[in-house]
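Thanks for coming. I will take one structure and walk through it piece by piece. Please keep the view on screen open while I talk.

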Protein chains: 2
Amino acid sequence: MYHTINDMNPKEITLLEGFWRNRNQLLADVIIPYQWDTLNNRTEGVPLSHAVENFRIAAKELQGIPGGTIFQDSDVAKWIEAASYSLMFQPNHALETSIDELVRLIEKSQHSNGYVNTFFTAKGIEQRWSDLEMGHELYCAGHLIEASIAYYQATGKRVLMDVMIRYANLIAEEFGPEEGKLHAYDGHPEIEIALYRLADASDDNRYRNLADYFMNIRGTVRNKNGSINADGARKPKSRWFESDYFLADKPIRSMTEVNGHAVRAMYLYAGMADQYRRTGEPELWEKLTALWNNLVQKRVYITGGIGSQSHGERFTVDYDLPPDRGYTETCASIGLVFWAWRMSCIDVDSRYADMIEKEMYNGALSGISLDGKAYFYVNPLEITPRIATFRQDMEHVLPHRAGWFDCACCPTNIARLIGSIGKYIYSFTDTHIFIHQYISSETEVPLGGQNITILQETNYPWNGEIRLGLQMQRETQATLSLRKPAWCDAWTLLINGTDWNAWYLEKGYITIDRKWVPSDTVVFRLEMPVKCIQADSRIQGYGGKAALMRGPLVYCLEEIDNGPQLQELLIDSKGNNKVEEGLIQSFPSTTILLDGYRETVRVDNLYEPMKQNERKQVQVKAIPYFQWGNRAKDQEMRVWFRIV
Amino acid sequence: MYHTINDMNPKEITLLEGFWRNRNQLLADVIIPYQWDTLNNRTEGVPLSHAVENFRIAAKELQGIPGGTIFQDSDVAKWIEAASYSLMFQPNHALETSIDELVRLIEKSQHSNGYVNTFFTAKGIEQRWSDLEMGHELYCAGHLIEASIAYYQATGKRVLMDVMIRYANLIAEEFGPEEGKLHAYDGHPEIEIALYRLADASDDNRYRNLADYFMNIRGTVRNKNGSINADGARKPKSRWFESDYFLADKPIRSMTEVNGHAVRAMYLYAGMADQYRRTGEPELWEKLTALWNNLVQKRVYITGGIGSQSHGERFTVDYDLPPDRGYTETCASIGLVFWAWRMSCIDVDSRYADMIEKEMYNGALSGISLDGKAYFYVNPLEITPRIATFRQDMEHVLPHRAGWFDCACCPTNIARLIGSIGKYIYSFTDTHIFIHQYISSETEVPLGGQNITILQETNYPWNGEIRLGLQMQRETQATLSLRKPAWCDAWTLLINGTDWNAWYLEKGYITIDRKWVPSDTVVFRLEMPVKCIQADSRIQGYGGKAALMRGPLVYCLEEIDNGPQLQELLIDSKGNNKVEEGLIQSFPSTTILLDGYRETVRVDNLYEPMKQNERKQVQVKAIPYFQWGNRAKDQEMRVWFRIV
């Protein structure tokens, strides 16, 4: 189990015509410029970000006090990281100049001891680390470290990485087990995965040791600081902001249930996996798999959404997955991709890449509009806007994507996921290539002492046919593993045009041991019938209901297609369905038309003795979940519907 | 429409063996003593009330500061009112002595200008009326006035009523349209209905005029005070505590939808009906019926519960009736009884007495345990304790009745409803007797110039047979109206043992015009089959589901009878059912056994393609909703279940 699977930098992947090239073109053309404008307070009608201005203030080029949340620096960091991926996708001199100017400001804002943080610079850096629970300093540091590595990888420019190395050195001087240092950790995990990444990028074990330290001390001492607002007012503690919220109620080696703030949880578990990849400590793997099992067996929505409660943006209890009041934050889904990928690099079991696929096409992707300029923080599985916009316990559920947020962690996070999507396609060892995701792309992978070129062509997820061309200099014995998605029951596999039956299934991967020769082609055809999906009956409110899937896509019903009062619709699970290709907002879509009924009960005084209600035959139209809310605002939508 | 129907004092009704005599015996034996102990801080394991102690402090017989909520005086008032009804039911010298001692304290706490309020006495009465929005002074005054009238009616003792008349006179001096007076009203309606009642009891129109003034100024000026806590700290306003919460966002004559804080709403609408009864102003009646229609057609639970949201304890929007997160406060259901009764005294339409019946046996009555010592503030229609006790948006939903509350408005309120239940049985004019509720009792009603005695015998609600004996001195032409409950489709009517067909239905009442002779007997037999009830499909989450009723009783499934995971149960709506009489906690019950199924779906990873699920045949047991939670704590319970 413990072995090293190599993963790739997005730079090594060239995306070709298809779903994700299209989204990366949008990233380059629209998302990155839109977010840059917004971070510079130049977008009208949205909450002001102040994020870039804060660095200008910290660099003493502008007078003022920082604005936005106490972790506003992280938005800048995640944007730099996303922009770096965009530069890998498509060079852009003007963009690179903008980033260089921003890096100059960050460098100028750095204190002589290495410290970087706009909020605590304004407060006075002697206040640093004074609110580790809610101050997010190490969290911001982590994102800036990740950004600096991405930018270095994209451009070869080291300035930002050097700035962050100086900062990391300060952190290493001030935190650690030694006497006189702070024995503490950040309330929001992130520094850990950043330090592991920095250790790899800089080949310096100090950062790995520091990351290990932060992982191991978590939950063993209580950070002594209380919660603090950006404006300095102390908030009272409540049940919801106790140590479990911070994933600090127990040491990581005692964790067996996914708990607390969902984003914090994902970043922490990703760090646990990073630690395991470097230590191979059996207890960590045991806990990682227990946590994973708890998540997938009891605490995740069908879309990959996680976090069933708004208050504390958190996990609750097993089988508590209300479709209309979950939190299902975009960032939590993205964090789950990070964790799942690390699990997959330890144990190549398709359940991890299956989860990444689920997020890529559902729970995470729904966080951004098709035009790239509007975002969901919360991704509900069901909404009735007239109710959700009134009720206090649904205040968190927006019925439309917003241009920005006061707390805008999600937009730049989804941008960096889109930009780095190539990273999740392949992994490899010296003699084995794993194909996890089906994305049109070209890359070179070292295999058996030579680099082989893999050309992958597919119209996935709209169509299940994947064509792989392997270019190599000389023939080579090697293993190729193709993920068989959990949703897939039937497929065909051809090599050089002929059915290939000498495969075997290993942990969900169709595995081919073979002497490959130059110009081998593999065609993998996954059948994608429309499926009605049912839920475990321990979940409340899903009985007698189904969701619709085709391939990796979860579908939904939207008011614009089906009229209001969606709860009155029933789908005939044995009826006909018709799959139609088309466009939604100029982006490809595949919609499904189904036989169904509308059961309308109108009662003068709400309740009446049951009778045989008339069911009017209707054709129900379902669209991919991630595409809802793009054609009109404030639409009713639902993923789970009654069936007959 | 506008005419005066006479109603009766509970004192005029003698309850005979049956459901409500039993509950009134419990009131006398257990509820009143238990609550008295609790109001005196003598009950262990419950939040301290301080309510009596506060009067001792205000009377300067004890040093200290008042404890509890700012409206703690109202708990004392409602207890006196309930205890007064109990004295009407059964004389009790010791109890009367306790009340007299309490009245002495209240009198001693009265300021020379007439003012009575323990909290503002402690603050200094120059602060009086300084927080009309949240201070509840006039609300407490109203409850004390109601108490004083009940105590006077029960015992003939005027001391407390005289105290309250002096206070009412102060209020009349300080509030009113005249220059120099306060042009304002209380944030929580109650003083209005109390003043109308005082005007009748004292035959003094000043109090009626003052009540009219408070009714009419409401929503036309904004009370200038902000919200204030008992500890004096000002709370920030939020969307949920704006003027609509206080039913003060518009004048009463502009109100057409039931809105805001549900208890405030009920007390206000009851006041509107009181005003109409005295003025006959058509616009008021038009608004009252619009409000009533909005409530019964769009905003009430099947149990009579009202208020769909915890935050603001309030109404939300049409057809928003979540079974697991409603507020459905006991006090709101009681308030709806008050309003409905007043509507019924204006327009004898069975829909009003139907609603009272619904509350008597369901939404209000579930607020008290069968042993009288535990209370629900919130009466959910569905609960899964392991989820409800975790989730923040269900914090208000207790899975068991509590011995008392920090804010303990409901226990004394349900006590006074039980004690005054006789009031709701009859109303009459000179030539017409209306029978609204079927309760074993004896009373005298003036009819056609003589008093006739009505003896009513029934085992209602367990059985639908009602026997009426009419005793009179001489024969008399008169009209007798018997409510045909909305749930009832089939009945028989006998007079002196013979089918009587010369009835006609008028607004839901089976109406008999006849020359009555001494010793006439009427037997009215209502059939009470078990019925599956469905809901209007505009309510979310009720599709494909049914609730169970028998007679006026709503039923529920409880874990103790059916095992956990109640959501897995389906009832066969065409299957057999068996009605069984028995006892629950020594109190009569009628349970229903039904053919049903348990559909258990176990999926390793929560979701799977639909298949024909096994449905295991089971017998499902349903009990009356008001009796749930009496045999074991923290049970799953649900009113709405799937049907086949």
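When I say contact, I mean heavy atoms within 4.5 Å. This is a predicted model, so please hear every value as computed from it.

Setting aside neighbours within four places in sequence, A:Glu257 is in contact with A:Tyr269, A:Leu291, A:Asn294, A:Arg299 and A:Asp318. A:Glu257 sits in the loop between α9 (205-217) and α10 (262-279) of chain A.

Now the layout of chain A. The domain assignment gives domain 1 (22-229), domain 2 (239-380), domain 3 (426-526) and domain 4 (530-643). The C-alpha centres of domain 1 and domain 3 of chain A are 38 Å apart. An unreviewed UniProt entry lists residues 432-528 of chain A as "domain: Non-reducing end beta-L-arabinofuranosidase-like GH127 middle". That span is 63% strand and 0% helix, and its end C-alpha atoms lie 27 Å apart.

Next, the two chains. Chain A can be laid on chain B by a turn of 180 degrees and a shift of 0.0 Å along the axis, with an RMSD of 0.0 Å. That is the relation of a two-fold axis. In chain A, the C-alpha nearest the axis belongs to A:Asp393, at 3.0 Å. Of the interface residues of chain A, 100% are also interface residues in chain B, so the copies meet through the same surface. There is also a charge over a ring with one partner from each chain: A:Arg239 lies over the face of B:Phe390, 5.3 Å from the ring centre. Within chain A, A:Arg514 lies over the face of A:Trp516, 5.1 Å from the ring centre.

On to aromatics. Over all chains, the structure holds 70 aromatic pairs. One of them is A:Phe587 with A:Phe626, edge-to-face, 6.4 Å centre to centre and 80 degrees between the planes. The pair links distant parts of the chain, 39 residues apart: A:Phe587 is in strand β19 (residues 587-599), and A:Phe626 is in the loop between β21 (615-624) and β22 (637-638). Both A:Phe587 and A:Phe626 are buried. In chain B, the rings of B:Tyr327 and B:Tyr377 have centres 5.9 Å apart and planes at 70 degrees, so that pair is edge-to-face too. B:Tyr327 and B:Tyr377 are both buried. Back in chain A, A:Phe587 and A:Phe626 belong to one aromatic cluster, whose members include A:Trp20, A:Tyr460 and A:Trp462.

A:Tyr460 brings me to the backbone. Most residues other than glycine have a negative phi, and most peptide bonds are trans. The bond from A:Tyr460 to A:Pro461 is cis, with omega near 0 degrees, and A:Pro461 lies in the loop between β6 (450-458) and β7 (465-471) of chain A. The bond from B:Tyr460 to B:Pro461 is also cis.

Last, where do we find positive phi? A:Gln585, not a glycine, has a phi of about 50 degrees. A:Gln585 is in the loop between β18 (577-584) and β19 of chain A, and is partly exposed at 47% relative accessible area. B:Leu606 has phi near 75 degrees, but B:Leu606 is buried, at 0% relative accessibility.

Notes. Residues numbered from 1 in each chain as written. Chains lettered and ligands numbered in written order. Predicted model: local features only at pLDDT ≥ 70, side-chain atom pairs only at ≥ 80, totals over all residues. Heavy atoms only, no water. Domains from an automatic or database assignment. UniProt positions renumbered as here; feature names shortened; annotations may be inferred. Helix = DSSP H or I, 4+ residues; strand = E, 2+ residues; numbered from the N terminus. Phe/Tyr/Trp six-rings, centres within 6.5 Å; stacked < 30°, edge-to-face > 60°. Buried < 20%, exposed > 50% of the residue type's maximum accessible area, 1.4 Å probe, protein only. Lys NZ or Arg CZ within 6 Å of the ring centre and 35° of its normal. Least-squares fit on C-alpha atoms with pLDDT ≥ 70 in both.
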